[in-house]
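Morning, everyone. Let's go through the salt bridges in this model.

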Amino acid sequence: MRFEAAWIWLLAPPLLAYLLWLALRSYAQLSRSARWASLLARALVVLLALGAISRPALLRSTSGSQVVFLLDVSRSVSADNIDAAMEETDRLIRAALRESGVRVSVAAFGQNATLLAREATTWDGWPEDAKAKIRHERALPELIAERTKKLSAGLAADSAELKALGERIAGLEKFRTQVVGDFTDAEQALRLGLNCGTTEQRRTVYLLTDGNFNRGAVEGTPAGVAASGAAVHLVVLDRPAPPEVCVSEVAAPASVRVDQGFSADVCISSTTASSAELRVFKDGFLHREQKVELKPGRNVVKVPGLFVKDKGFHAIEATVRADADTQAANNTARSIVTAPGEARILYIDRDMDQTPYLKSALELEGIQVEARSAAGVPQQLTELLGFDALVLCNVAADRLSLRQMQMIRSYVQDFGGGFAMLGGDESFGLGGYYNTPIEEILPVRMPIQKDMLRPSLALMLVIDKSGSMDGVKIQLAKRAAIATAEAINPRDLIGVIGFDGQSRVLLELTPAADRTTIAGAIGQLDAGGGTFLYPALEDAHERLAGSSARRKHVIVLSDGQTQGYGYEDLVGNLAADSISLSAIGIGEGADMRLMEAIASAGGGRAYFTNDYQSIPQIFTREALRASKSMLVERLVQPNAINTDPALDEIDVEELPVLTGYVATTPKSAARTLIVSDTGDPILAKWRFGLGRTAAFTSEPKPRWAEDWVEWEDFAKFWSQLVRSITGRDLTSTMQVTCGHNVRGDAVHLTADVRDMAGAFADAEVELTSVSGGKTRVLDVRRAGAGLYEATLPGLRFGEDQQFLWRVNRKTAGAADSQPATRSTTAPTEHDDGQLEPYAFANAFSPEFAATGPSTETVERFRTRRLGEVASVGSSKFVAATSTVRSWLTLWPSLLIAAVLLVPLDILIRRLG
């Protein structure tokens, strides 16, 4: 017995004396026996209350026992070992339940742990549900095949039988995803086992596993086992595994020089001697194919003769096909090497036959240029990261998807890439870039904000609002109409006609400045009905014919087949009244023949797209093209108004004339370097995030820049402009060595920063990662002199991981107490940092790399002596012999007894 507050009992004598004094001095009319009975009841209440307050506890011994079986069902455990583990567990459970006072719990674990049976006192074998979960790799294909067979036999998909089958399949898939996962976390499983039952029970844990733990700190778990007094018995799942061949690693240098030869070591693990075919790919192209003889254990095959011709990230992939193999998921591994080098530019131009002018000029200055047509814009950020800058020349916005535009923005903002847009009749606002991610990163805006002397415009939008336009298409059409009104000049006129089976004029021709009226009218667009375009074109003709605007244009949007005929004659009447027309067909159901015919008759353009997100860009492009508000075609004398590295050693007083450009408005934070004779920007630059962008509103081709092409400084100007936006510091003052290591599902990245003499350098460091097309800035910590670390959680297998270290050497006056990381706000124009790309690849989960039980885990358990270590099939149930001593808390019982005695005292005094 113990008391947590034993001093409370010192209050007992005075309190009992006080009760006695009250009883002797009481004037209550009680008999002698009633008076003493009441005194006794009150004394007991006081003593019980004091006892409760002193919090007594009684030490007792218990003999109840909790036996927990933890069954490893991770991907590294073979089917034979799963079956053996189930048989072993069944045998041990039956032996355990023959002991008195034993309760049994069973759990399965992989990446997570879950209970399959809780505190059972009887066992009739594995329940069917638990058996299916543990054998899910075999049960799932059988259930899916059964469902397919029943569907093929004509059973309705919503029948009760198929619904039940679907629920079983969903349950097994959930178990495979949430419990099995891609790792083995033994720490979580052991904690679950130690928390089963109550503190009054003796606990015995049987861990049935192959020991291939790759997540969780198992080393700290034995301390918790010892503290709980539990015994942990290890049953090693060591049944012979089927033949397995695994490409465990492709060891290649993290960084190589362009055209420098290097070799890679392909590490292949095998459980048996086997012949195999090894194929090595470089950037997706076959580099080497050879036969190899594998011996049991680790095999290393050296692959010589590798080299890369371009800077950027390059993938080295090895695939093996063996005569004796079971699992295909581990037959391919990848390694990523980075090749730094001279500036490398991706040049995209609509007119491929015009690319030699700029391409040859840049190559003369030692810049690598890869020229592509408008269809060559990369689809993946990983490809774009292989270039220092992207140059778009006269490429319309509808040639790029919204995802590609967002990718380019991330390339500049998060990875320090350079971007330049060059002019042409399909660039800037004329190309439909208004209000897009591309306009966001450029130093200029597309709508010109000064009042130029130009023809006014009357624009009529004829929008299909039939039933097939319901949903995202009608919403994007509304957004496109509003964006069009914002893009054109405020004094221009805009109207909207919606049509289904009938025509409905939603907005008469209204000045674009009246945003409220326009937005309200456009909001009335709703989908429903058939498709009949003819009346809508008649309404548009009637209203535009009565307008005094110098330019009149119709934009038709439709996604279906329209009724009626005579459209070309009707559009011919529009053309006779100086009304032009363009047509946009969206989706596979659009009447392409009609759209092309009326656009041709109307002197406009026809567009067809399945990318609904591009509708606003096409609308604004057509509106600005029709207004001619941005296209300036005349002799223009450029004038330099600012200094910049792009203009170094160039005679800016003698810049050649241009014959055209696209009018834009510079952003407030941009540096305008060259302007036209009317003050419009010809060349502007600025910083966006970590990168730099430039806008050259004319073009490097003879159409608008014939004198520039023949200019002696043409190559020098363009090379200096391109180098000024690449963000690459070609005079590096630091050596940065990058590396990584994988721990569980987290990646720990390191950067070793030294000066050119090899001494540790103090620096400001930032790290950006990209995974699955998404970027994030990671927290960087200073781990030691010149050593910086960051952690990337949530590693995904099968995806290449790309990173960009940005390192700025601290100045001598910088305080030592400054953190290693810098603010992620946009840097100033002169804030240059050394950029170091880094990448690696994890082809598959470490679960697939295991080719047998872990001897290291077995030895660790053996040396800790936490319990018995046995092979599957030879383990025995060991009954817990230790007695569990626990403290029984008494105060609740004492308090209840005291409360119950109070009514007894009242009753005695009433009856006495």
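A search of the whole structure turns up 40 salt bridges. By that I mean a side-chain nitrogen of Lys or Arg within 4 Å of a carboxyl oxygen of Asp or Glu. This is a predicted model: local features need pLDDT of at least 70, side-chain atom pairs count only at pLDDT 80 or more, and totals for chains, interfaces and linings use all residues. Residues are numbered from 1 along each chain as its sequence is written, and side-chain values use heavy atoms, with hydrogens and water left out.

Take Arg 279 and Glu 289. Their side chains meet at 3.8 Å, N to O. Arg 279 sits in strand S10 and Glu 289 in strand S11, so the pair ties together parts ten residues apart in sequence. Strands here are DSSP runs of E, at least two residues; helices are runs of H or I, at least four; both are numbered from the N terminus.

Next, Arg 605 and Glu 426. Their closest N and O atoms are 2.7 Å apart. Arg 605 is in strand S25, Glu 426 in the loop between strand S18 and helix H12, so this pair ties together parts 179 residues apart in sequence. Arg 605 is partly exposed, at 30% relative accessible area. Glu 426 is buried, at 8%. The cut-offs: buried is under 20% relative accessible area, exposed is over 50%, partly exposed is in between, with a 1.4 Å probe and protein chains only.

Last pair: Asp 644 and Lys 685, 2.8 Å between the closest N and O atoms. They link distant parts of the chain, 41 residues apart. Both are buried.
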